[in-house]
Amino acid sequence: MTRPQDPATQPVADRRRLLVVHHTPSPGMQALLEAALAGARDEEIEGVDVVVRPALTASAVDVLEADAYLLGTPANIGYMSGALKHFFDQIYYPCLDATRGRPYAVYVHGNEGLEGAVRAIGSIASALGWDAVAPPLEVTGQPDRQALAACQELGAVLAATVMPEG
């Protein structure tokens with residue numbers, strides 16, 4: 001019987017990286033971020049390093065070094081946050097060809113009018129050539145237990161998608 005390899009000693013080449021880019025200005029967004037991270041860091045997911053960056057500080061290098069992307073944003077006046085738009089503006093051309101085919105997922109929170117934010121993120125991700133692993137998670141109003149569970153599952157599904165085989 002072989003024992004599972006300790007993650008601290010697992011070779012770097014066998015590990016994958018999930019980049020979580022978020023704009024979290026409210027308690028509701030914080031709760032969703034924490035749920036997504038709990039899912040991505042589930043003990044059953046092995047070989048995936050979760051790197052968390054606020055949208056205003058995430059860089060093209062972060063994107064190029066990652067194997068998958070989880071995006072979180074509030075819907076502000078029917079659009080993604082300015083912080084997430086800034087992120088896309090900064091990484092678009094440096095990452096355009098190098099990240100094609102990589103998986104991503106997104107959660108959007110607001111009180112109304114989420115469809116504009118969802119549509120814009122989908123358009124940009126499509127132009128980058130990223131592949132959605134799940135439909136966008138749209139949360140209206142204060143996140144309840146069901147929304148938090150869905151966000152946790154979204155994080156877990158995305159992390160499991162890039163988990164190394166073996």
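1. Two strands are taken as paired if DSSP finds at least two bridges between them, and the strands (E, at least two residues) and helices (H or I, at least four) are DSSP runs numbered from the N terminus. On that basis, strand β3 pairs with strand β4 (residues 79-80) in the antiparallel sense over 2 bridges, and Ala75 stands opposite Met80 in β4. The two strands form a hairpin with 2 residues between them, and Ile77 in the turn has a positive phi of about 55°.

2. The model is predicted, so that local features need pLDDT of at least 70 and side-chain atom pairs count only at pLDDT 80 or more, while totals for chains, interfaces and linings use all residues. Residues are numbered from 1 along each chain as its sequence is written, and side-chain values use heavy atoms, with hydrogens and water left out.

3. Strand β3 (residues 68-76) is mostly covered, with 8 of its 9 residues buried, where buried means under 20% relative accessible area (1.4 Å probe, protein chains only). Strand β1 (residues 16-22) runs parallel to β3 and is joined to it by 5 bridges, and Leu19 has Tyr69 as its bridge partner in β3. Strand β5 (residues 103-110) also pairs with β3 in the parallel sense, over 6 bridges, and here Tyr69 stands opposite Tyr104.

4. Helix α3 (residues 82-95) packs against helix α4 (residues 115-128) at an angle of about 15°, with their axes 11 Å apart; axes are lines fitted to C-alpha atoms over the stretch in contact, and angles run from 0 to 180 degrees between N-to-C directions. That angle makes α3 roughly parallel to α4, a label for angles under 35 degrees. The contact (heavy atoms within 4.5 Å) is made by Leu84, Phe88, Ile91, Tyr92 and Cys95 of α3 and by Ile121, Ile124, Ala127 and Leu128 of α4. By class, this contact has 9 nonpolar, no polar and no charged residues, with Ala, Val, Leu, Ile, Met, Phe, Trp, Tyr, Cys and Pro counted as nonpolar, Asp, Glu, Lys and Arg as charged, and the others, Gly among them, as polar.

5. The axes of helix α1 (residues 27-40) and helix α5 (residues 145-162) come within 6 Å and cross at roughly 40°. The two helices are therefore oblique to each other, the class left once angles under 35, over 145 and from 65 to 115 degrees are set aside. Residues in the contact include Ala31, Leu32 and Gly39 of α1 and Cys151, Gln152 and Gly155 of α5. By class, the contact of α1 with α5 has 11 nonpolar, 3 polar and no charged residues.

Key. Buried means under 20% relative accessible area, exposed over 50%, partly exposed in between (1.4 Å probe, protein chains only).
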